[in-house]
Every structure is written in C-alpha cells, then in structure tokens.
Amino acid sequence: MQLFTSDLDRTLIFSARTVAKTEAERICVETFDGKEISYVTARIYEQLMAIHQQMQFVPVTTRSRAQFERIALFQQRIVPEIAVVANGGIILRNGEVDVQWQAHMADVMRNLSLSIDEVQGYFHEQLSAPYFLTHARVDELFFVYMVDLAAIDLPAIL
C-alpha cells in the first residue's frame with residue numbers, strides 16, 4: 001500500500017485571507033463558533049479525494065486533537081485511518097487515541113528534566129512582556145506562544 005502524508009495548515013488547508021478568493025474556488029472544511037475559518041481549494045479537494053481512493057492518507061499537524069477534529073473534511077469525507085496531531089504527541093487510529101503511543105508519550109513527559117507545569121510557570125512570569133500576544137497549552141504536551149516580533153527588543157533580552 002502506498003502512503004501519502006502531508007501537513008495541513010497553509011499546505012492543504014488555508015484561512016480566508018490565504019485561500020482562493022472566489023467562492024467557486026474554495027470549499028469550507030472547518031467552522032468555529034458558527035464561522036467558516038478554513039478552506040481547501042476545489043483542486044486540493046479533488047486531489048485529496050483521488051489520493052484517498054488510491055492510497056493511505058495520513059495528515060500530520062501541529063493542531064491539537066480538538067482543532068483537528070473540527071476539520072469536517074477529515075471527519076466526514078476523507079476519514080484517515082491514522083492521523084498524527086499535536087506535533088506528533090497524539091496518534092489517532094480511526095479517530096481514537098492510540099493507547100500504546102499515549103502510554104509512550106506519558107513516559108516521555110514524566111521523564112523530562114522539567115515538568116510541563118514548571119515550564120509553564122517560567123513562561124507565566126514572562127507573559128507580562130508587551131510582545132506576548134496570546135498563549136496556549138496544547139493537549140498537555142507543549143505550548144504555543146504568539147508574539148509580536150516588532151515589539152521585541154532583541155538586544156535587551158539576549
């Protein structure tokens with residue numbers, strides 16, 4: 001069996017500002033709070049459908065499990081047997097967490113020199129800096145910090 005893997009965001013799936021502008025060229029694949037937020041182009045949709053018919057498609061993404069599960073395309077039309085989410089921290093098999101991989105990741109997280117709570121505590125002290133815009137803890141595995149690069153005085157913090 002052949003295998004096709006791909007990142008999702010800005011590779012196959014795009015936001016409204018980065019996808020084709022005409023309705024005929026884009027297909028909504030994700031909504032959040034009742035709003036359309038992610039799209040594929042009609043061409044990508046057709047190609048993914050063909051790939052899904054011919055080989056195993058494995059999406060690989062930094063998205064959390066919940067964010068991945070919002071993508072209707074992969075919950076209804078092209079349901080992958082395996083999906084790698086949360087930067088590889090979670091493997092889904094037929095939509096369910098792979099328990100062996102979950103146990104392995106729990107061991108990895110327990111054996112880190114700093115716990116995830118200690119890392120969060122360190123960054124919590126830094127979050128008052130004006131360049132931090134938002135932050136999130138993702139599936140108890142890692143953090144995402146959005147920063148305003150223009151607001152960072154690199155010489156001062158280095």
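Contact here means heavy atoms within 4.5 Å. This is a predicted model: local features need pLDDT of at least 70, side-chain atom pairs count only at pLDDT 80 or more, and totals for chains, interfaces and linings use all residues. Residues are numbered from 1 along each chain as its sequence is written, and side-chain values use heavy atoms, with hydrogens and water left out.

View 1. Helices (H or I, at least four residues) and strands (E, at least two) are DSSP runs, numbered from the N terminus. Ile44, Tyr45, Leu48, Met49 and Ile51 are the buried residues of α1. They fall within an arc of 165° seen down the axis, so they line one face of the helix; the arc is that of the directions from the helix axis to the C-beta atoms. Their packing partners are β1, β2, β3, β4 and α3. Arg43, Glu46, Gln53 and Gln54 are exposed on the other side. Buried means under 20% relative accessible area, exposed over 50%, partly exposed in between (1.4 Å probe, protein chains only).

**View 2. The salt bridge between Arg63 and Glu30.** A salt bridge is a side-chain nitrogen of Lys or Arg within 4 Å of a carboxyl oxygen of Asp or Glu. The closest N and O atoms are 2.8 Å apart. Arg63 is buried at 9% relative accessibility, and Glu30 is buried at 1%.

**View 3. The salt bridge between Arg137 and Asp117.** The closest N and O atoms are 2.9 Å apart. Arg137 sits in strand β8 and Asp117 in helix α5, 20 residues apart. Arg137 is partly exposed, at 25%.
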